[in-house]
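Let's read a protein structure together, one feature at a time. Have the sequence and the model ready.

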Amino acid sequence: VFSQNRDFDIMDSVYPDSEGYGYFWGVGLDDYQRPGDSFISDWSWGDSEIRYSWRAFTVGFGTQSVWLGPGVNNSLILSNNAAPFPKIDIGTHKAAFRNWGEFEFRVFWGKLSESDWFDDNSENDNSLISGASASWSPSFFPELTLGLNRTMLSKWNDSTWSTYSEIIVPDLESTGVDRSDQRFSLTGEMLYTEVGFRVWSEVAYNDFYRSWDSFIRYPFHTFAFNLGTEKVWSLRNPDYSLMIQGEMSSTESSRDTAVYWPQTFYAHHIVTQGYTNEGQIMGASYGSGGTYQNIKATFIHPRGYVSAFLERLNGNNDYIYFLNSGSGIGVQSSEKDRYRLKAQFTVGAESAWILEEGIILSGGMALNMVHNPLYNDDDKQSSDILNSFYLFMGLKIKL
C-alpha cells in the first residue's frame with residue numbers, strides 16, 4: 001500500500017498523545033482524522049488465510065476480512081472497512097440438516113491493534129475480539145435467510161478463560177454488568193432468483209437490556225439498522241440486464257442515551273479505542289453516529305458491467321447532538337449550533353471489463369462534495385464545501 005496523504009484542514013483532536021491527528025470527540029474512539037503528516041506505505045498479509053475443510057466442518061487461521069450480514073455497501077457488525085486482523089475461526093459451511101433446511105455457524109477469536117494516533121500507553125495497544133455468527137435458510141421457505149451475529153471486545157492484557165468462552169456459552173448471571181463491549185445483530189434476506197429481486201435488513205444493538213421490562217419500555221436503546229433492496233431486469237437480449245440497487249443505514253444514538261450519557265454506536269466504556277482496528281471502524285464505513293443512503297444503476301453485459309451511483313452520508317451526527325444538548329459533557333451550546341451538521345454527497349461511475357480470460361480491467365471516477373467539513377456555525381447553513389475528484393484504475397490477473 002502506498003498513498004500520498006497531502007495536508008488538509010482537520011479539527012482539533014481531544015487526545016493529547018495523538019500529535020493532533022486523533023478523533024475530535026472524547027467519547028472513546030481510535031478513529032483518526034489523518035494518519036500523520038507524511039506519505040503512507042505499508043505491507044501486510046491482506047486477505048490471506050490457511051484453511052482446512054472436511055465436509056461441512058471448517059477451521060482457518062489468517063487475516064482474511066470478515067463480512068457479517070447481507071449488506072452491500074455497509075455491514076453494522078463486521079465489514080472490510082478496517083484493516084484485517086489476525087484471527088482463528090472454527091465452524092461449518094452452509095449445509096443441509098435433515099429436513100430443517102441449511103445451517104451455517106462460525107465462531108472466531110482475533111487480536112486488534114491501536115493506531116499510532118491515539119495514546120502513548122503501550123499497556124492498552126491491543127484488544128481481544130471474539131465473535132459468533134449463525135444463519136438458517138428453512139426448508140419450507142428457502143428464499144429466506146435469517147442470521148444472528150455477536151461480537152465481544154475486551155482488553156487483551158485482561159483476557160481470561162471466560163472472555164474466550166463467553167461468546168459460545170453466555171454468562172446469563174452477569175446480565176446488566178458489563179465485562180466486555182458487546183454488539184449483536186439480527187439479519188434477514190429474501191432472494192427470488194426467478195424474478196431477480198432481493199431485499200435485506202440488519203438491526204443491531206451495542207448494549208444488552210437488563211430485563212424484559214426495559215425492552216418493552218424502550219426497544220430502540222442503542223439501536224442501529226441497515227436496509228436494502230435490488231431488482232434485476234433482463235433486457236431484450238438475454239445476455240444483457242439492468243440492476244437497480246438501493247441501501248440506507250443509520251448508527252445514530254438512540255434518544256434515551258441523550259438523557260443520561262454521551263454515546264455512539266461504535267464506542268463503549270471498557271475498550272477505550274472503541275470498535276476499531278488500527279484506527280478505523282470495523283463496521284459501517286460511514287462512521288459512528290451517522291446515516292447513509294446510496295442508489296446505484298448497473299448495466300451488465302457479457303464482458304463486464306458499467307454502473308453509476310449517488311451517495312449521501314453523515315458521519316458523526318452524534319457529536320453535534322450531544323454538543324448541543326450538553327448532556328454528560330458540561331457543554332451548553334448557542335442556538336445556532338444546531339445547524340453545524342456535516343454531510344457528504346458523492347456522484348460517480350465505475351466499470352469492469354474482461355479483456356481476456358483471467359484478465360480484468362476496472363476503473364471509475366467520482367466527485368465528492370463535503371458540506372461543512374469542520375462543523376462551522378454560520379447561522380442557518382454552511383457555505384463551506386470541500387470538493388474532491390477521484391479517478392482510479394485497476395488490473396486483475398488470475399494466474
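What follows is a chat about rings, salt bridges and surface charge.

Q: What kind of model is this, and how are residues numbered?
A: It's a predicted model, where local features need pLDDT of at least 70, side-chain atom pairs count only at pLDDT 80 or more, and totals for chains, interfaces and linings use all residues. Residues are numbered from 1 along each chain as its sequence is written, and side-chain values use heavy atoms, with hydrogens and water left out.

Q: How many aromatic pairs does the structure hold?
A: Rings of Phe, Tyr and Trp (its six-membered ring) pair if their centres lie within 6.5 Å; planes under 30 degrees apart are stacked, over 60 edge-to-face, and the rest tilted. Here you'll find 21 aromatic pairs. Take Tyr-23 and Phe-24: their ring centres are 4.8 Å apart and the planes sit at 35°, so this pair is tilted.

Q: Is Phe-24 buried or exposed?
A: Buried means under 20% relative accessible area, exposed means over 50%, and partly exposed is in between (1.4 Å probe, protein chains only). Phe-24 is buried, at 9% relative accessibility. Its ring also pairs with Tyr-319, with centres 5.0 Å apart and planes at 75°, so that pair is edge-to-face.

Q: Where do Phe-24 and Tyr-319 lie?
A: Helices (H or I, at least four residues) and strands (E, at least two) are DSSP runs, numbered from the N terminus. Phe-24 is in the loop between strand 1 and strand 2, while Tyr-319 is in helix 4 (residues 317-325), so the pair ties together parts 295 residues apart in sequence. Tyr-319 is buried too, at 11%.

Q: How many salt bridges are there?
A: A salt bridge is a side-chain nitrogen of Lys or Arg within 4 Å of a carboxyl oxygen of Asp or Glu. The count is nine. One of them joins Asp-89 and Arg-106 (3.4 Å, N to O).

Q: Where is Asp-37?
A: Look in the loop between strand 1 (2-3) and strand 2 (40-41). Asp-37 is exposed, with a relative accessible area of 57%.
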